[in-house]
Amino acid sequence: MTSTQPVILGEMPSLSKLYVNAAAQAARRRLLGTHEGSVLPAESHEVRGVTVDVATLTAYQHLIGETASDVLPAGFLHALAFPLAMSVMNRDDFPLPLLGMIHLRNSVQQRVPLHFSDTLDISARVENLRGHRAGTQVDLIAEVRRRGSGEICWLGISTYLAKGVFLPGIDKASAAPARTEFTAPDPTALWHLGVDTGRAYAAVSGDFNPIHLSVLSAKALGMRRSIAHGMYLAARALADVGPSRGDSFTWDVEFDAPVFLPCTVALEINSVEDDAGAWSRSGFVAWNPRSGRRHFHGSVGAL
Amino acid sequence: MSIDGQTTAGPVEPGKAGTPATRRAVIVGGNRIPFARAGGQYAKSSNLDMLTAALDGLIARFGLQDERIGEVAAGAVLKHSRDFNLTREAVLGSALSAETPAYDLQQACATGLETVVGLANKIKLGQIDSAIAGGVDSASDAPIVVSEGLREVILDLNRARTLPQRLQVLSRLRPKDLAPLAPGTAEPRTGLSMGEHQALTTAQWKVSREAQDELAFNSHRNLAAAYEAGFFDDLVTPYRGLSRDGNLRADTSLEKLATLKPVFGKNLGAGATMTAGNSTPLTDGASTVLLASEAWADAHDLPKLAAVVDAEAAAVDFVHGKDGLLMAPVFAVPRLLARHGLTLADIDFFEIHEAFAATVLSTLAAWEDEEFGRTRLGLEGAFGSVDRSRLNVNGSSLAAGHPFAATGGRIAASLAKQLHAKAGADGRPVRGLVSVCAAGGQGVVALLESL
């Protein structure tokens with residue numbers, strides 16, 4: 001644990017400003033040379049007294065396929081904390097370039113259900129800078145508590161990869177583990193994702209990253225087409241697991257290959273019951289039904 | 001005697017029609033979300049959202065997580081075509097076992113009560129041991145349909161195979177076809193709205209403005225008192241920040257109600273008496289009722305509030321004005337009570353749905369009318385009087401609001417609780433009567449008895 005005082009922000013930072021700032025920072029670093037540090041900022045960022053806009057919540061729930069209950073979906077909390085998490089990676093002393101980072105995996109513990117009328121304290125920090133065969137990876141930790149309470153109700157760990165960035169003193173991870181061949185199972189669902197999928201999720205999550213919005217804006221950033229938000233896909237899988245997950249659960253996802261829009265995604269969701277017949281976990285895997293390439297996989301488990 | 005009406009048969013031996021010598025179906029309890037005024041807190045919530053919310057509250061209250069219920073039935077009056085399996089979808093979105101079957105039902109405003117009756121009958125027959133009845137409606141998130149012209153063009157366009165064919169179909173489109181149509185409350189055969197229909201009945205039975213305002217005032221007063229007494233603590237689960245019915249005006253007064261301008265029957269001139277205060281507003285909400293056999297309730301250690309004894313449906317020929325649109329319960333109740341050898345005096349609590357204050361008062365007036373009793377009900381005189389102190393004692397639709405299909409479930413659960421409490425206090429069986437009028441000149445009524 002660090003004894004460093006958190007940086008308390010007056011309000012939730014604006015994502016669009018963060019993206020602009022990140023672009024400016026990238027240009028600056030290109031001109032002036034990269035930031036030489038291999039150390040992560042120790043300070044966490046925190047916003048206190050965050051409230052939820054019920055209209056945004058309902059729109060999110062409808063888009064993801066959750067019924068509009070008063071309980072905040074785990075993915076909605078991720079979206080709520082996301083700008084704060086970005087603000088940590090946007091700091092000048094953060095050693096990796098924010099733009100172009102790839103979301104490798106995401107792990108959430110929904111420990112206590114949160115209600116839309118709860119006032120929330122949200123904090124975010126970065127940890128665990130380490131090597132990857134293709135660059136450098138880092139964990140972004142976000143925590144959500146009820147206002148003034150010490151108890152963590154929601155904990156999210158997002159692992160990002162800065163591709164092609166190798167920092168001094170950070171060892172390259174050993175060679176990639178032998179890739180297990182993916183054989184597509186029989187699908188239990190098909191998602192038909194329109195070209196506007198990214199824009200629709202941007203509208204309810206606030207994440208207007210240009211790679212998700214349109215073919216043109218994605219091409220400007222070097223993608224061949226726009227791609228779906230990873231957390232949109234993961235949240236839909238969580239919604240498809242359904243209410244058997246209960247109020248507290250873990251939700252893990254690993255992203256394998258981007259989902260280019262528009263497309264059809266095949267999905268298999270299975271459930272495992274314990275000896276008493278109660279639900280214990282559900283696994284999910286999604287792939288491209290044409291190429292057989294795996295897009296993402298993960299699980300939801302009882303906590 | 002030959003009458004131009006709907007005759008009433010006498011009592012029926014148990015084991016014959018009406019009261020089958022089967023087992024009891026009991027109301028265990030209920031749960032609803034507070035009713036919101038249209039465009040209010042639930043404006044963005046769909047029927048599916050609200051029905052699931054009401055269902056989830058019921059599941060939490062009675063510990064029904066992962067339970068395979070015998071059958072769930074619910075419905076909505078204003079329904080999107082995508083919601084063809086509304087109730088089953090709500091079950092799948094709830095914590096009930098995914099192996100719980102469900103069906104949708106639609107009988108206009110009687111939908112909710114009819115789900116209670118139909119499922120209770122299945123329990124009585126031994127087909128199922130447990131059931132959840134319910135209903136939901138959103139006047140805010142109502143379906144908007146395209147015009148007939150546009151609909152036909154779209155369908156024909158789908159069938160057209162060549163470009164010239166498609167262009168030919170498109171050329172039929174007129175600007176007026178592009179205007180969307182919102183659902184109305186007008187009766188298809190008369191073009192009159194429900195309020196206009198009731199205004200005619202109100203005038204026919206000479207129901208005064210003062211009597212209507214007094215009924216509305218009592219509805220608000222009784223509902224507010226019931227909330228204050230905690231009566232709804234185990235009947236209502238808050239949703240979207242609302243913990244009491246949004247239409248409730250605890251501080252309303254006869255003076256305030258008297259200031260409102262008439263909105264229905266304005267063509268009647270000075271005879272117009274129906275205002276926004278003594279008519280129900282458009283409302284959003286959902287309700288559910290848990291029904292069971294006695295054995296199932298006992299095995300699950302759950303309460304048994306009241307038995308669903310019997311029910312009766314009726315319809316009237318309102319199209320050419322023989323009876324008022326909302327007067328079918330006037331015929332259903334005498335038939336139901338006669339089958340059990342009961343009169344109005346044998347009923348401890350009346351729940352007469354307040355579509356309009358005047359609907360309730362026209363119903364009571366018809367029952368008190370000697371000639372109507374003789375010529376239309378085939379009785380020797382008037383059917384009888386309802387003791388006003390037993391009428392809608394915890395408030396009704398004028399105060400709570402009326403999300404069409406949700407009203408039956410609201411009434412059934414509240415009345416069952418009221419009967420159980422009264423029976424416990426008095427140490428005797430207590431009877432309750434539910435009466436719900438519906439569009440199309442229909443009505444469903446039901447008889448409950450405390451356990």
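**Domain arrangement and chain contacts**

In the predicted model, the C-alpha centres of domain 1 and domain 2 of chain A are 20 Å apart. The domain assignment places residues 1-167 of chain A in domain 1 and residues 182-303 of chain A in domain 2. Contact between the two domains involves 28 residues from domain 1 of chain A and 26 residues from domain 2 of chain A.

On the side of domain 1 of chain A that touches domain 2 of chain A, two or more residues are given by each of α1, α2 (54-64), α3 (74-89) and β3 (102-110) of chain A. Strand β3(A) provides the largest share of this side, with eight residues. By class, this side of domain 1 of chain A comprises 15 nonpolar, ten polar and three charged residues.

Confidence was examined for chain A. The mean pLDDT of chain A is 91, and 95% of its residues score at least 70. Among the elements of chain A, strand β8 (residues 249-255) has the highest mean pLDDT, 98, whereas helix α1 (residues 15-32) has the lowest, 79. Helix α1 of chain A is also one of the elements that give two or more residues to the side of domain 1 of chain A that touches domain 2 of chain A. Where pLDDT is low, predicted coordinates should not be read in detail.

Between the chains, nine residues of chain A are in contact with 13 residues of chain B. The side of chain B that touches chain A consists of four nonpolar, five polar and four charged residues.

Note on methods
Residues numbered from 1 in each chain as written. Chains lettered and ligands numbered in written order. Predicted model: local features only at pLDDT ≥ 70, side-chain atom pairs only at ≥ 80, totals over all residues. Contact = placed C-beta atoms within 7 Å. Nonpolar A, V, L, I, M, F, W, Y, C, P; charged D, E, K, R; others polar. pLDDT = per-residue confidence, 0-100. Helix = DSSP H or I, 4+ residues; strand = E, 2+ residues; numbered from the N terminus. Domains from an automatic or database assignment.
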